[in-house]
Each structure stands twice: as structure tokens, then as C-alpha cells.
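Trainee: Could you take me through the salt bridges in this one, pair by pair? I'd like a close look at where the partners sit and how exposed they are.

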Amino acid sequence: MYLHIGEDILVKTDEIVTILDKKLLESSPILAEFLQQKANVTLHLAKNSIKSIVVTTKHVYYSPLASMTLKKRSQQHSIVVDE
């Protein structure tokens, strides 16, 4: 299954390691150091402010969507109808 994380980007749900609220970035020096180390594989999807950080096995995405929104989307089941 895929999860839309903003700006027409879909990621495989089985590649998602974690979805973090951006407030953690402001309060965690460990997270800030981790993201600094991953700068070469980081993609900024938010045109304005970021609301969440999506860490996958290959990339780190700064998403304009809230972490709770992404959580709800990941728990929904997709129905594909063949016509």
C-alpha cells in the first residue's frame, strides 16, 4: 500500500520507519543531529511550514501534512474497483 505524504509524493507504507511531529524537532537535539546526518537524502515537500517528518528506509521527507493526518491515512484501506 502507498501513503500520500504531500505534494503528489507517495511512499510505500512498508518502507516507512516513523512519522514524527515537527514539535519533536524543536525539543530533541538527538533528532536534530539525526536529520543533519540525513541531509543528503532529505526532501522538503512543504512550500510553507512543515508539520511532520516522515522517515523511510531511503529518504527523510519534510511534509506539509500533520502527523495525525498521515496516521489516519495509513490506517485506511484502499479499495480498487475494476471496471
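Mentor: Start with E26, which is exposed at a relative accessible area of 60%; here buried means under 20% relative accessible area, exposed over 50% and partly exposed in between, using a 1.4 Å probe and protein chains only. Its salt-bridge partner is K22, with the closest N and O atoms 3.9 Å apart, and K22 is partly exposed at 28% relative accessibility. By salt bridge I mean a side-chain nitrogen of Lys or Arg within 4 Å of a carboxyl oxygen of Asp or Glu.

Keep in mind that this is a predicted model, where local features need pLDDT of at least 70 and side-chain atom pairs count only at pLDDT 80 or more, while totals for chains, interfaces and linings use all residues. Residues are numbered from 1 along each chain as its sequence is written, and side-chain values use heavy atoms, with hydrogens and water left out.

The structure holds 3 salt bridges. Another one joins E7 and K47, at 3.7 Å from N to O. That pair links distant parts of the chain, 40 residues apart: E7 is in the loop between β1 (2-6) and β2 (9-12), K47 in the loop between β4 (42-44) and β5 (52-56). Strands here are DSSP runs of E, at least two residues long, numbered from the N terminus. E7 is partly exposed at 38%, whereas K47 is exposed at 71%.

Then there's K58 with E15, at 4.0 Å from N to O. K58 lies in the loop between β5 and β6 (60-63) and E15 in the loop between β2 and β3 (16-21), so this bridge ties together parts 43 residues apart in sequence. K58 is exposed at 53%, and E15 is partly exposed at 23%.

Terms used
Helix = DSSP H or I, 4+ residues; strand = E, 2+ residues; numbered from the N terminus.
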